[in-house]
Amino acid sequence: MLEISDLITAVEPDSGHRLPVRRAEVIGRLRESGDERAARIVARLPVDADGVLDPCAVDRLLIGVHTELQRLSEELRVGERLVHLLGPLFAAIRAAGAERGPYRLVDVGCGLGYLLRWLAATDALGPDVELVGVDLSAALVGEADRLARAEGLNCRFVHGNAFDLPQAATVYVSTGVLHHFSDPALAEFFQAQAASPAQAFCHFDIAATPLAPIGAWMFHRARMRHPLGRHDGVVSALRAHSDEALLRAATVPGIRALLYDPRGTANPFCTTVRPIIGLRPPLEGSFRQAFGRSGRRLVGQDQLTEPAR
């Protein structure tokens, strides 16, 4: 299944240089996938004389859709959920002493930077954690930077590849990014983090439950104004990776992968997003200790089929 937002923009992965996108080609791909509704949505987007999608119109559309998506992060309290995990994670990193501060949190595919702006506004991680958002969309990064400056927040945003920054991340995070990757690309995503100097990662994405598409349809129908946002919201839920797929992809040499509240241990009516966590193996003991009783809800690939204790 294809999301419209993935098709109407194209960039060179290394440089972030924008490439032209022909509307007819996008419509053709959507029709080949059997999604006539999405094809009709794209058919209404403006093009130039050569049939190339108007980049300014596309940018305005994506900024509008991401602005509406911010409501979802607010209502699901994603910032608080992330801090629930990042607090113990940074405590373990500090205790290990393998890396001295300041530490660097890098948000991959940050969009409008809601997560980092929330962290900066609340100072939830402490003054020794630098907040950096990275996205391949120059328009989204530009708007994120504008919002942060308007709000007087201490965080910064970079247009480019999150794994090519001059200064390496201590911890990588993301929200709503993993389902955009196919299985091979998902494995490459985690391998890139394992090969970096980073100590850990924490990625939130849609929980692949039977109720997820229904919940996504209800929310996006009620809260999203543009048909693109409504369409992509449901497709995102349908594309969500299973617990098994996430742990399999994240289990790479040098990383201990853990899933928080896997399917079967959580109430499907309450589970909307779920984090996959990876950390250097020496940190696991300190992380679990700092996490306290909640650490019992962390499950590795070898424990996935076992009941929660």
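This is a predicted model: local features need pLDDT of at least 70, side-chain atom pairs count only at pLDDT 80 or more; totals for chains, interfaces and linings use all residues.
I take helices (H or I, at least four residues) and strands (E, at least two) as DSSP runs, numbered from the N terminus. Residues are numbered from 1 along each chain as its sequence is written, and side-chain values use heavy atoms, with hydrogens and water left out.

**Entry 1. Helix H6 and the residue after it**

I looked up aspartate 123 and placed it in the loop between H6 and strand E4 (129-135). This aspartate follows H6. Its phi is positive, about 50 degrees, although aspartate 123 is not a glycine. For background, I note that most residues other than glycine have a negative phi.

I then checked accessibility, calling a residue buried under 20% relative accessible area, exposed over 50% and partly exposed in between (1.4 Å probe, protein chains only). Aspartate 123 counts as partly exposed because its relative accessibility is 49%.

I located aspartate 59 in helix H4 (residues 55-75). It is buried, since its relative accessibility is 17%. Taking contact as heavy atoms within 4.5 Å, and leaving aside residues up to four places away in sequence, I find that aspartate 59 touches Arg18 and Ala139.

For helix pairs I use axes that are lines fitted to C-alpha atoms over the stretch in contact, with angles from 0 to 180 degrees between N-to-C directions. H4 and helix H7 (residues 138-150) pack with their axes 9 Å apart, at an angle of about 55 degrees. H4 is therefore oblique to H7; angles under 35 degrees count as roughly parallel, over 145 as roughly antiparallel, 65 to 115 as roughly perpendicular and the rest as oblique. The crossing of H4 past H7 is right-handed, meaning that the near helix is turned clockwise from the far one by less than a right angle.

On the H4 side, the contact is made by Asp59, Leu62, Ile63 and His66, and on the H7 side by Ala139, Leu140 and Glu143. I sorted these residues into four nonpolar, one polar and two charged. Here Ala, Val, Leu, Ile, Met, Phe, Trp, Tyr, Cys and Pro count as nonpolar, Asp, Glu, Lys and Arg as charged, and the others, Gly among them, as polar.

**Entry 2. The packing of H8 on H11**

Helix H8 (residues 183-195) packs on helix H11 (residues 243-250) at an angle of about 45 degrees, with the axes 8 Å apart. H8 is thus oblique to H11, and I recorded a right-handed crossing. Leu186, Ala187 and Phe190 of H8 meet Ala245, Leu246, Ala249 and Ala250 of H11. This contact divides into seven nonpolar residues, no polar and no charged.

**Entry 3. Cysteines**

I searched for disulfides, defined as pairs of cysteine sulfur atoms within 2.5 Å, and the count came to zero. The sulfur of cysteine 155 is too far for a bond, because the closest cysteine sulfur, in cysteine 110, is 9.4 Å away. Cysteine 202 is likewise in no disulfide, the nearest cysteine sulfur being that of cysteine 110, 16 Å away. Cysteine 155 is buried at 12% relative accessible area, and cysteine 202 is buried at 1%.

**Entry 4. Aspartate 261**

I found aspartate 261 in the loop between strand E8 (256-260) and strand E9 (273-279). Aspartate 261 is buried, with a relative accessible area of 16%. From aspartate 261 to valine 273 the separation is twelve residues in sequence and 9.9 Å in space, C-alpha to C-alpha.
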